[in-house]
Structures are given as structure tokens and as C-alpha cells.
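Keep the sequence beside you as you read.

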Amino acid sequence: MKRTNRIIASITFAILAATVMPRSALAGEEAFKLSTLSVADKLLYLEDEDLNLDGLKDILIIHRKGLRPVETKWVSIFWQMEGGGFSTAADQSWEIDSLAISLDIGNVAGDDRKEICILTPEGVSYYPIDGDVYEIDSRVLLETGDLIGLFPSKRTVPLIDFVRDWNGDGRDEVAVFKFHGLSIFHPDSTGAYTIENLLEIELRTAIGRVMTEGERDQTQGLYMAYSFPAMKLLDFDGDGLEDLCATRRGWVRVYRRREDGFFEPKPVIDHYFDVLTQKEKIEGIASVQTIVYDLNNDGHGDAIVTKQTAKGLSNFRGVINIFNGGPEGYTDQPDQVIISEGTASAMSFIRDVNGDERLDLILPSVKISISAIIRFLITRSIPINFNIFLLQEDNRFSDRPDFTKEVKFKIDFSGDSDTQAMDLDGDYNGDRRKDFVFGTGETELSIYLGESGHKDRLFSKKPVAKVEAEAYGDLRSPDLNDDGYSDMIIYYPNSKDKKGMVQVLMNLGRI
């Protein structure tokens, strides 16, 4: 149950068995080449990236070894082979610096290859790469203070995209999370990261007491947590330069990028989308999610603010508010409102589903009622509807879903296994339309191609291929070898015996 809401492509990998060749059950020929990877013991994060500049994406896995209280954090590298596919065991693996707060991949040494960078309480360090081998002793890249990560976790090191080309000049900059904001460090003429661009970003703070139930004659413990908002690069003022947008719940703050490549230290847009009613604020019965995209291609970021309310088992309501961005930011009233009654919704997603180069809206939802819960318990499955709203030529979404794809997820109440793999991001036949893949059996993935010209559906009625793989897990669909066809990566975060396993399916271009 706890994985059901995380439906569209998470990530993970590890290697376990040998390479086999799954077959397309309908076409009668090989459709994918399968590699099974394995790491010890618990896969935490996975990334696919061309690390050594050979034109093929490799796989980096962050994993944890050992059990409490003796645990260590490791990174493992799997190089993609020329003919496609990966080795079962990692080509290189080493223990990550115990002071690492977070990890990322980026070019900080100036040679175009991808170094592995770690954020530590002292600043940023990196593991250099020489050919196909990383040095396992990190080097200091920059030193700075006032970081929020003073005490790194002993159990995990999250993969965060803090090393990237933040200002569009073709070189990677390094962002550092501080108590008083975000510092983006630029390389100087010597390549040293000495030039700082500080943005004032407000942290979200959580604080409370830790106490044992029923105990009185003691001083309660104290916990504190600090979090940064999500950040995205998007042109908000129509000048052709990507600005930095920070979003958290109902807030959007935009930091304008100047022509010199630096962001303004204070937000030029600071807008709160007041979509909650007074009753919802008082009772705390609503959750809000905000994402930003330039939906209508006018050079201004538009905001999609999704509100989910719940009161009892029969009073669910999802409200999607669309605020079109403009030169002055946003108005107080939404430009469009889409209401979904009686359904509990996960977060909304923006994708070009039908290949018309307009961004569409996907809203996963499930109908909740007493009778529905009884059916869930009896059948041990939950039907989830993927409601698809197409962006029309007038740059508005349809008021009701243009298409709905229902998928039944089988639920393991023990919590010892994953739900069926599912993805809407892949293009498996190279026609630039999104295809749909779903685990129709424990060892079977079914691929439904995106189609046009049908009023009642976006995908083929029947699967065009059935592929053998461990099909209960989290699935993503990158193009690993840049051939125009999506491949698949599946990992298994909740399965008892597969927490360190990753399966990679290389598309042979025969669908």
C-alpha cells in the first residue's frame, strides 16, 4: 500500500543474475536484452549517466551495507558495454566518505567527464575519474561554512542535483545549501570554484519534542529538521534566460537571472497561491502541491496548484488550479479550475502524452468509499485511474479527462513486496508518442503503444509485446544508448530478497 502513490518512475538498481534474452510474446522475437545487476545490501538511489563520455549511459548506484548500528554507505559503478547491457557485478565499488551529506554527478574538473561530487559539512569534495576508473580518495573542491547538513546521516546519502549548469554558460556550477540561503559557486579563470552567487531562500523548519508515551518523570527529547524548497530552471520573464524557481506547497518564488549569469539575490516574484478555504486552513484537511511549466510557450512560467481535501471516507475532492504566468507574475484568481469529486489523488504530472508538442496533465486518482475499501480488502487490489487532460489549441486543458486508463494494482499487506511496475514516460517504438508499460504478472511486463485517431483511447487495446522480467518494482524508461528507443530500469525497494537487485532491459528496436 505504501508504494501505491509513487506510481511514475522512481529509480534504483543492483545486479543479481546473468544476462538473458526476454522475448516479445506477441511478435515471437526478441524485443529486449536483459541484464540483472546486484549490489549489497540495500539499494538507496540510482542514476543513469554517461560518466566516461563513450556515448553510452552507465549506471551509478548508492547503497548501504550492514545492519544497525554498524552500517556503511557505498557507491557502485556499472559501465555499459559496447553491445549494450551490463555486468552482473559492479565494475567498481567503494565506501563513500562518512561525512557525505548528499551526492551528485557533474563536471567540476574541466575535462567534460563526470566526477562524483559529495556535499560535506566543510563544503564540496569530489572523486576524480581517470579513464574508466574513479579515484576512491576524494579531493576538496571548495570549502565554505553555514551549511544546513552539519550532521550527515549514517544510513543514507541522497542523490541531489546540486552540480549542474545553473546559468546556461556550458559549465557546471555547484549549489550549496546553507542556513541563510543557496550559494551557487562559479569557476574562475583558473577553474577554481571561488565566485559565489548567494540567493536568499527561506528554509522550512520543523521542531518538536520526543517523548515516551506514558512516561512523565523525564525531560523530553528534542528534534529539529530543516528543508529546502524544490528548485527548477525556467524562463519566467520572456527574456530567453532561465530563471530559478523555488516551490513549496502553495508558494512560488522566482529569482531572475541576469545577463552576466548571476541570479538576483532576492525573488522578483514571491507569490502564495491562496487556494485553501478558511475551513480547510482551520481543520487542516487539505494538502497542496505546486509545479511550474511554461504550458503555453509564451516565455512565462505557469503554475499548476493541486489541492486534495479529505474529510471522512466519502468526502474526497481534488481541485487543480491553473495560474498563467505573466510579466508581473500571477493573479490571485486561477485562470482555470478542474475539479475531481470523490477521488483521492496523488500528485499531478505534466507530460506531452500524445506527441503534439503541447504539455498535457496526468492526474492519478482512486475512488475511496467504505464499499471500495471492502473491495480492496477482499480482492487485495486497488484500481487507479490515470486521468489524462490534453492541452488544447486555446492553451486550456479540457474540463474533464480526455482519456482515462485504469490499472489495478495488487496489494501485499505484509509490506514485503512491491506493486506492479508501471510507466508512462517511455517511447519504445521511436514514434515520439508516450507508450504505457505495466506489470501484468510477477514476471511479465506488457507494453501498450501510444496511438492517435481514437476517441476512446490513447493506447493500443492489447499489448504489442510481453517481456519477461521481475515485474513488481519501480520502473523508469531512459534511452540508455541514444538510439531513439526507450529502455527500462527496474528496482525493488520493498521486496525482501531483491532490495539490492536492478534489472536493465535494452530495447532492440523491434517493437
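A salt bridge is a side-chain nitrogen of Lys or Arg within 4 Å of a carboxyl oxygen of Asp or Glu. The structure is a predicted model, where local features need pLDDT of at least 70, side-chain atom pairs count only at pLDDT 80 or more, and totals for chains, interfaces and linings use all residues. Residues are numbered from 1 along each chain as its sequence is written, and side-chain values use heavy atoms, with hydrogens and water left out.

Start with K498 and E470. They form a salt bridge, with 3.1 Å between the closest N and O atoms. This pair links distant parts of the chain, 28 residues apart. K498 sits in the loop between β38 (488-491) and β39 (501-507). E470 sits in the loop between β36 (465-468) and β37 (474-476). Strands here are DSSP runs of E with at least two residues, while helices are runs of H or I with at least four; both are numbered from the N terminus. How covered are the two partners? Buried means under 20% relative accessible area, exposed means over 50%, and partly exposed lies in between (1.4 Å probe, protein chains only). K498 has a relative accessible area of 14%, so K498 is buried. E470 has 26% relative accessibility, so E470 counts as partly exposed.

By the salt-bridge rule, the count comes to 25. Another of these pairs is E202 with R253, whose side chains meet at 3.7 Å, N to O. E202 and R253 are 51 residues apart and link distant parts of the chain. E202 is in the loop between β17 and β18 (204-210), and R253 is in strand β22 (residues 251-255). E202 counts as exposed because its relative accessibility is 51%. R253 counts as buried because its value is 15%.

Next come R432 and E357. Their closest N and O atoms are 3.7 Å apart, in a salt bridge. R432 lies in the loop between β33 (422-423) and β34 (436-441), and E357 in the loop between β29 (349-351) and β30 (360-367), so the pair ties together parts that are 75 residues apart in sequence. Both R432 and E357 are exposed. Salt bridges also join into a network, which links D237, R256, R258, D260 and E264.

Now turn to the core. In soluble globular proteins, nonpolar side chains tend to be buried together. A nonpolar core is a set of buried Ala, Val, Leu, Ile, Met, Phe, Trp, Tyr and Cys residues joined through side-chain atoms within 4.5 Å. The largest one here has 29 residues. V124, F162, V174 and L244 have the most contacts inside this core. Several elements give two or more residues to this core, including β9 (115-120), β10 (123-127), β13 (139-143) and β21 (243-248). β15 gives the most, with four residues.

Accessible areas come from the Shrake-Rupley method with a 1.4 Å probe; for residues, only the protein chains shown count as cover. I207, L222, M224 and Y226 make a nonpolar patch of about 420 Å². Strand β19 (residues 221-227) gives the most to this patch, with three residues. M224 lies in β19. M224 counts as partly exposed because its relative accessibility is 43%.

A patch of negative charge gathers D54, E82, D91 and D132 on the surface. The place of a charge is taken as NZ of Lys, CZ of Arg, CG of Asp or CD of Glu. D91 is in the loop between β6 (70-78) and β7 (92-95). With 39% relative accessibility, D91 counts as partly exposed.

Finish with the backbone. A cis peptide bond joins A40 and D41, with omega about -10°. D41 is in the loop between β3 (32-38) and β4 (42-49). The bond from R68 to P69 is cis as well, with omega near 5°. P69 is in the loop between β5 (58-67) and β6.

Terms used
Patch = residues over 30% accessible without salt bridge, like charges linked within 9 Å, V, L, I, M, F, W, Y side chains within 5 Å. Lys, Arg positive; Asp, Glu negative; His and termini not counted.
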